[in-house]
Each structure stands twice: as structure tokens, then as C-alpha cells.
Amino acid sequence: MKSTSTSRSGSPLGWAAGLTLTTAAATLAYASAVERTLYQLREETLPILPEGAAPLRVLHLSDIHMVSGQKSKVDWLHSLASLNPDLVVNTGDNLSHKKAVGPLLEALEPLLRFPGVFVPGSNDYYAPVFKNPLRYFAGPSIALKEAQAQDLPWADLFSAFGAAGWVDLTNRSQSVGFRNFRIDFTGVDDPHLDRDRYAPYPPGSSTSAEAPHIRVAVAHAPYQRVLDYFTEGGADLILAGHTHGGQVCIPGYGALVSNCDLPTWRARGLTQWDFNGRSVPLNVSAGIGTSRFAPIRFACRPEAVLLTLTPRSSP
């Protein structure tokens with residue numbers, strides 16, 4: 001059975017009704033001019049590595065939504081290289097404009113020196129378009145038909161990632177060695193576009209299951225069907241983005257939407273996903289940027305996540 005939602009105090013409607021026009025205007029100004037650039041690093045520790053393994057530092061990036069001229073974002077992404085991660089995981093939606101590949105690669109240049117893996121989001125393939133924000137309360141946003149969408153230079157982006165040594169996990173799996181153990185990865189194309197096709201973990205040799213290893217699953221959008229097949233497939237950790245943490249949240253309550261079928265209380269942070277008798281850590285990043293058509297964040301600061309993986313405790 002899936003985990004059920006925990007209760008949350010407060011009423012979102014009551015909070016909204018208490019806003020005066022002046023307060024609402026001030027809130028909007030703060031959300032658009034201040035909070036969306038208050039970048040933060042969330043840190044988590046997970047004891048999931050094989051016994052005896054050295055800790056592994058995983059930097060999870062998601063939803064950068066780059067456009068030209070975002071100097072504060074570029075500077076902050078540069079600063080993350082000082083963390084010296086062992087692995088960078090990029091869960092998509094890197095772009096927000098057809099001319100953003102150059103600025104994005106400039107921003108990520110110091111991080112491309114580290115080992116990495118990536119999967120795409122819809123805003124790697126197609127430019128965002130203006131939507132009525134109230135539409136999100138009716139359910140997940142509907143992707144444009146491909147004939148109507150403006151293509152982004154995703155092939156150039158993926159080629160640059162690959163040239164840096166980052167592994168493309170688009171509907172594929174691959175094993176990567178780290179010191180005295182290995183990580184088996186599986187990843188999917190963006191579930192929000194219904195492009196996900198699960199690739200089982202690499203079978204390896206007849207004795208590969210006996211060698212120290214963990215299994216990591218990566219997706220852009222954390223739809224429940226995807227989390228279910230990752231969990232049933234043996235994942236030890238699932239990483240995703242897409243939700244923007246709700247992007248506009250209510251203090252004391254949290255996210256109002258997740259833009260997918262993930263419960264809103266899971267729209268940001270580290271939780272456990274339960275399915276068919278297994279429980280797997282799920283990290284959903286609130287992301288670093290926003291669509292250029294909705295450049296606001298409230299009670300939901302942009303983030304990168306540093307996961308320190310440590311050995312499991314002895315029985």
C-alpha cells in the first residue's frame with residue numbers, strides 16, 4: 001500500500017481570505033523580486049550504502065529553468081562546486097528559452113567536472129508557454145501537442161552533458177563504479193509527457209548481485225506509476241523534481257499543487273515511498289528556477305540538495 005497523507009494544520013482558504021489587497025501586492029512583490037533568488041542547500045543523510053563503504057556525496061539538481069541574464073543563479077550554481085560532490089544527479093527542466101543552452105553550460109561548467117547522470121524534463125524539449133496559474137488547481141498541466149510546441153535545442157544540451165562524461169539515463173540503465181562498490185542506475189524520459197519506459201537494472205554477471213552495490217532510480221516528474229515500478233524493480237533510492245515544491249506555498253500548510261498525481265505533502269523533501277511490501281527513500285527537489293512566465297516563489301525557496309549516503313547499520 002502507498003503511504004497515506006499526514007494531517008496538516010491550518011486552512012489555505014482562511015489564510016488567503018485574510019490577505020488585504022496591500023498585503024497581497026507586497027507578497028507578490030516579495031515572491032517575484034526576492035524569494036525566487038534566495039537559493040538554499042538542503043542537506044540529507046541516508047544510511048543505504050553497503051557495509052564498509054565510504055560515504056558518498058550526491059548533489060541533486062533539478063528545474064534550473066535557465067534563461068539569459070540570470071547572474072545570481074549562475075554564481076550560485078558555480079558555488080556548489082565547492083561541495084566537491086562525488087556524483088551530480090540532474091533531474092531535468094534545465095531550460096526556459098531556446099538561447100539558454102550557452103548560459104546553462106556556463107553555470108554548470110564547474111559541476112560538469114564531477115561524475116554525473118541526467119534525465120530530461122519537458123522544458124528540455126519544449127519552451128514553456130504562458131498558462132493561467134489557476135489551471136494548476138484543476139490537476140497536472142497538460143503538455144502542448146508536439147506540433148504546437150516550440151522545440152528547444154535539447155540535442156545540443158545532451159551532447160554537452162555526454163561530452164563531459166555525464167550518463168544519459170533516458171529510458172535506460174547503467175552501472176557505475178564508485179571506489180569499492182557500484183551504483184546501478186535506471187532512469188526514464190519525462191513521465192509528464194508520457195514518455196517514460198522503464199528499463200530494468202543491468203543484469204551484470206552471474207555473481208553481480210553478490211558484489212556490494214545500491215540501486216538508484218531517476219525521473220523528472222514523480223508520478224505514482226513511476227514510483228511504483230521503480231520501487232517494485234528494487235530501487236534503494238528515488239530522485240525526482242518537477243513539482244517546484246508547490247512553488248507558491250502557504251506558511252504552516254505547505255504546497256497546494258504538485259503538478260502531477262503526487263500528494264502535495266510530498267511535493268518537496270525526503271519521504272518514504274511504499275509499494276508492494278517495499279519502502280524506498282524518495283527525494284523530491286523543490287528545484288532551482290521557475291518558468292519564465294511565472295517567476296515567483298513564496299514560502300518555497302529554490303534549492304539544490306546534498307545527499308550524504310552512508311553505510312547501512314549492521315544487523
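Me: In this predicted model, is Glu-109 buried, partly exposed or exposed?

Reply: Glu-109 counts as partly exposed, at 37% relative accessibility. Its salt-bridge partner is Arg-113, with the closest N and O atoms 2.7 Å apart. Arg-113 counts as exposed, at 63% relative accessibility.

Me: What lets two such side chains pair?

Reply: Side chains of opposite charge can pair when their charged atoms come close. For counting, the cut-off is a Lys or Arg side-chain nitrogen within 4 Å of an Asp or Glu carboxyl oxygen. A search of the whole structure finds 9 salt bridges.

Me: Where in the fold do Lys-71 and Asp-75 lie?

Reply: Both are in helix α3 (residues 71–79). They are separated by about one helical turn, because they sit 4 residues apart in that helix. Lys-71 is exposed at 58% relative accessibility, and Asp-75 is partly exposed at 38%.

Me: Which parts of the chain does the pair Arg-268 and Glu-303 link?

Reply: The salt bridge itself spans 3.1 Å, N to O. The pair links distant parts of the chain, 35 residues apart: Arg-268 is in the loop between β11 (254–255) and β12 (269–275), and Glu-303 is in strand β14 (residues 303–311).

Me: Why is Glu-303 called buried?

Reply: Buried means under 20% relative accessible area, and Glu-303 has 0%. Arg-268 is partly exposed, at 25% relative accessibility.

Me: Which residues are joined with Arg-268 and Glu-303 into one network?

Reply: Arg-42 and Glu-44 are joined with them, through salt bridges that share partners.

Key: Residues numbered from 1 in each chain as written. Predicted model: local features only at pLDDT ≥ 70, side-chain atom pairs only at ≥ 80, totals over all residues. Heavy atoms only, no water. Helix = DSSP H or I, 4+ residues; strand = E, 2+ residues; numbered from the N terminus. Buried < 20%, exposed > 50% of the residue type's maximum accessible area, 1.4 Å probe, protein only.
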